[in-house]
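The paragraphs below go through a sheet, a loop residue and a pair of helices. Please keep the structure open while reading.

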Amino acid sequence: MFNMRTENAPLIRLVDYTPPAFLIPSVALDIHLAREQAEIAAHLSIMPNPAAVPESVLRLDLDGNPPRRVLLDGRPLQPGEYEVTDRHLIIPNVPARPFTLETMTLINPSANTALSGLYRSGQAYCTQCEAEGFRRITAFLDRPDVMSRYSVRIEADRADAPVLLANGNRTSGGDLPGGRHFAVWQDPWPKPAYLFALVAGDLAVVRDRFETMSGRNVALEIYVEHGKEDRCAWAMQSLKTCMRWDETAFGREYDLDVFMIVAVSDFNMGAMENKGLNIFNDKYVLALPDVATDADYVAIEAIVAHEYFHNWTGNRITCRDWFQLCLKEGLTVFRDQEFTSDIRSRAVKRITDVRNLRAAQFAEDGGPLAHPVRPEAYSEINNFYTPTIYEKGAELVRLLKVIIGAEAFARGMALYFERCDGTAATIEDFLGCFANASGRDLSGMLDWYAQAGTPEVTVAMAYDAAAKTARLDLSQVTRPTPRQVDKVALPIPLVTALLGPDGTELPLKTAEGPLR
């Protein structure tokens, strides 16, 4: 996904990161939908961040829709008491204590051709908030390290939108005068604004159930355009398969009463992992044996799994800032690769992934768009949803597993889920869990995240037939990339084996003992 609107965008640098001056523990949204004028009433509970430098000025992110009404602790603010710019809602002299802020914003969903924020998609209302789309819905601290619990009330004409969906669990709903109706959704888990989702429209639904490892009963629902219900069976089966696998492989149990997939033909992204309400382009969900290929079935299975696995690696644990994007995307790609490897052929999956890596990511690493897995700066974050972030990010997780071994890696993942649950984490937080679990110094892994380019390793072997010894000499070079001329040597594990003429593995020893 590329957005070239960067001319007037400020350069954002990793070294300039500071914690948010304010936190928003809870959000209540009251959304009245209409095709040309949707009303968004937001009630924010705001508090000073004890981990940040105190600040008396509140700056909320804003893009395109200035609020029509602003209330601080229930008191309407006059125009001179706040300022609206093209990027911010600014309120000076806010209290140095918890307070509430209420705003009302009007949006035209049908005119939103940016397909970011709240927009009309075919016959449905839809949202897309990653990376910075929520600010197009309402003024907010639209950054991933501000995590909030959401309560969302949606109201619409029943004839226009009989289905009303949002994140979390549906707690109430009903009819209203004038052919209107409403639904209330509450998400008990804190999440950043980019994971907010709303879908409303005239959609069909396919239902199933899943019993978790602790015995909880979860409703599974796939919403599609009418007439496409018969094409959802494989996606539903894939969902149940990956839910069970995540319990078995990583101990991760689903945490809401319902898991929903919405698949529409004109969703502008491939798929999006919004908490409990994944939104897909339906080509990644729908399949029938007489029109879909084996590759289509495998792709649907993998994409459904990838978005579901984000529930823990991306949603329950999210990124502190967008420079840490690989922490959710690279890690989740690794998890979906392991899923496919376990339920299909590990060798075939690995060959496929390496071929894709060499074709796309190696080319990116060797070209003018080369960038580190954790970039140092950006003007438009959407330009960094790249093979380097996803596929190379996954390879670094795999590299880590090889370095410390499978058992220590499993302990590290368990520690990561325990220690970082409900937080916005960094690469350092992630690696720290594996250092603790393995007792290894993993500081060298940070160079992998900071350095662009593909290392080239040359191996030379000298064999002494009389002494029956072999010597391996290895050299490593990484060629200069844009904005990174000087390179450092990277830690690369070496796995060796001695094979006989028939391919049988033979004992291999060093002076210190067996070599693994």
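**The sheet, a loop residue and a helix pair**

Strand 2 (residues 22-32) and strand 12 (residues 147-157) run parallel and are joined by seven bridges. Strands here are DSSP runs (E, at least two residues), as are helices (H or I, at least four), numbered from the N terminus. Ala28 stands opposite Ser151 in strand 12. The model is predicted: local features need pLDDT of at least 70 and side-chain atom pairs pLDDT 80 or more, while totals for chains, interfaces and linings use all residues. Residues are numbered from 1 along each chain as its sequence is written, and side-chain values use heavy atoms, without hydrogens and water.

An open sheet of mixed pairing is formed by eight strands in the order 6-5-9-3-2-12-15-14; two strands pair if DSSP finds at least two bridges between them. Strand 6 (75-76) and strand 14 (169-176) each have a single partner strand, so one side of each lacks a neighbour in the sheet.

Glu132 lies in the loop between strand 11 (124-128) and strand 12. Glu132 is partly exposed, at 29% relative accessible area (buried is under 20%, exposed over 50%, partly exposed in between; 1.4 Å probe, protein chains only). Beyond neighbours within four places in sequence, Glu132 contacts Asp142, Trp322, Tyr378 and Ile381, contact meaning heavy atoms within 4.5 Å.

Helix 3 (residues 325-343) packs against helix 5 (residues 387-404) at about 70°, with axes 7 Å apart. Axes are lines fitted to C-alpha atoms over the stretch in contact, with angles from 0 to 180 degrees between N-to-C directions. Helix 3 is therefore roughly perpendicular to helix 5, a term covering 65 to 115 degrees.

Key
Angles under 35 degrees count as roughly parallel, over 145 as roughly antiparallel, 65 to 115 as roughly perpendicular and the rest as oblique.
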